[in-house]
Amino acid sequence: MNTHFPTLENPTRRNLQRLFLLRSVMLAFMLAATAALYYLHIPLPKIPIALAVGGMLLLNLMTLLRLQKFSNVTDHELLLQLLGDLLGLTVLFYFTGGYSNPLVWMYLLPLTIAAVALKREYTWLLAAIAVICYSTLVFYYVPLSHLHMHYLAGKSLDIHLVGMWLGFVVSAGIIAFFVTRIGQSLRDYDQLLAAVRERSLESELALSLGTLAASAAHELGTPLATMAVISKELARDLSNQPEPLQQLVIIRTQIDRCKEILSSITRNAGQSRADAGHGLPLNQFLQDAIQRWRDTRPATELIVSLSDSASNPLIFTDRTLSQAIQNLLDNAADASPDRVLFDANWDENTLQVYIRDFGNGLSDEVKTQLGKPFFSSKNGNGMGLGVYLTQMIIAKFGGTLTLSNHAEGGVLTAISLPLHQLRIGH
């Protein structure tokens, strides 16, 4: 069960991308309106319009190049871009009717970006400049004639009112689009915070478990050593009794496993994977992990099927990964003591492992709780940490762990593990 964080992009860069899209819509609308007025034979000052629209087109081209070549965008740069838009709009409106121009609502669009992208001081500055520009156009502008009643398709139309209607339609669409995108950004940010909070809690729990493990390793060393000594003495006393001696051998094997686990806690803590072991072919790594488990659970039949692929990459012998596989095999054997299936196949990039037991399967309650720390489905016989620790180990290597009910009964555990982090010389 791998945890992926949403990718964090520079928020100002993202807002600059939105401004690029917004300016593109504004330019397309202005060009369409200019073409429509030209079609209706309304005289327009061609050079001022070309300068204003051309300037905004040039600014948009610079923005596009800026987004492709550089990742960091500052608030000052975004402010200058928005000021450039206000300048271009003011020049355009001055030569096309001033405050009576039906497209004068476009002043609000740069302010919309400023309101969601810039800090309060910059937003109020842009708002004040926009108000000053609009107010100036009330007194100083070049009138645009023939902008009212026209006949089109047998109907009388007021071009000014039609322009206001189109302006409302476009502005409504733009606001809906950008507000939706802003809402999605907020939801993504909330998801990121939730993921970071969850990972922080997991880290705290892992640290607590590590502290407890170190303490347990220290405290259990003495009683395990005592049991090892006593078991050796008992082995000498029972040398002529084969059946009790065989059971004692199993006990000594379990004691040795406990001692090895405790030793590995102190030996491997803080070591890098390169220092913790040497390289092994993947096939050999799996066979070693399987054999270690068989030594501790001899009563359970483990049917193994390993890939016959020609690919057999050399990987680091990470002890935690071996322990994760053994944890899953332990869970399967607890549910199905007689028989467990183990299937592994791989290629150059990915390892797939499937472990199937023949137990009672997972109930709906267990499905919702499985993988949470200290939750056990073994009726008080487990600590509730096996699956939790296993999924943390697999997630560390970018893998995923899923447990589901098999169609023919029992539980199917599936591991998908990319090999690029484990492969030596990748």
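Trainee: Why is V142 called partly exposed?

Mentor: V142 has a relative accessible area of 31%. Buried means under 20%, exposed means over 50%, and partly exposed is what lies in between (1.4 Å probe, protein chains only), so V142 with its 31% counts as partly exposed. This is a predicted model, in which local features need pLDDT of at least 70 and side-chain atom pairs count only at pLDDT 80 or more, while totals for chains, interfaces and linings use all residues. Residues are numbered from 1 along each chain as its sequence is written, and side-chain values use heavy atoms, with hydrogens and water left out.

Trainee: Where does V142 lie, and which residues make the nonpolar surface patch?

Mentor: V142 lies in the loop between helix 5 and strand 1 (149–152); helices (H or I, at least four residues) and strands (E, at least two) are DSSP runs, numbered from the N terminus. The patch is made by Y94, Y99, Y134, V138, F139, Y140 and V142, and covers about 680 Å². Members of a patch have over 30% relative accessible area and no salt bridge, with nonpolar side chains (Val, Leu, Ile, Met, Phe, Trp, Tyr) joined within 5 Å and like charges within 9 Å. Helix 5 (residues 120–139) gives the largest share, three residues.

Trainee: What makes F93 and Y107 an edge-to-face pair?

Mentor: Four aromatic pairs are found in the whole structure. In this one the ring centres are 5.4 Å apart and the planes stand at 70°. Rings of Phe, Tyr and Trp (its six-membered ring) pair if their centres lie within 6.5 Å; planes under 30 degrees apart are stacked, over 60 edge-to-face, and the rest tilted. The 70° angle therefore makes the pair edge-to-face. F93 belongs to helix 3 (residues 75–94) and Y107 to the loop between helix 3 and helix 4 (108–117), so parts 14 residues apart in sequence are tied together.

Trainee: How do you know what kind of pair Y107 and Y134 form?

Mentor: Their centres are 6.1 Å apart and the planes make 40°, and the pair is tilted. Y134 is in helix 5, so this pair ties together parts 27 residues apart in sequence. Ring pairs link F93, Y107 and Y134 into a cluster.

Trainee: Are Y107 and Y134 buried or partly exposed?

Mentor: Y107 is buried, because its relative accessibility is 3%. Y134 has 33% and therefore counts as partly exposed.

Trainee: What makes D85 and R23 a salt bridge?

Mentor: Their side chains meet at 2.6 Å, N to O. A salt bridge needs a side-chain nitrogen of Lys or Arg within 4 Å of a carboxyl oxygen of Asp or Glu, and D85 and R23 form one. D85 is in helix 3 and R23 in helix 1 (residues 11–39), 62 residues apart. Both D85 and R23 are buried.

Trainee: How many salt bridges does the structure hold, and which residues are linked in a network?

Mentor: There are six salt bridges. R297, D330 and D334 are linked in a network. The bridge between R297 and D334 is at 3.0 Å, N to O. R297 is partly exposed because its relative accessibility is 21%, and D334 is partly exposed with 39%.

Trainee: Why does N327 count as buried?

Mentor: N327, found in helix 10 (residues 319–335), has 16% relative accessibility and therefore counts as buried.

Conventions. Accessible areas come from the Shrake-Rupley method with a 1.4 Å probe; for residues, only the protein chains shown count as cover.
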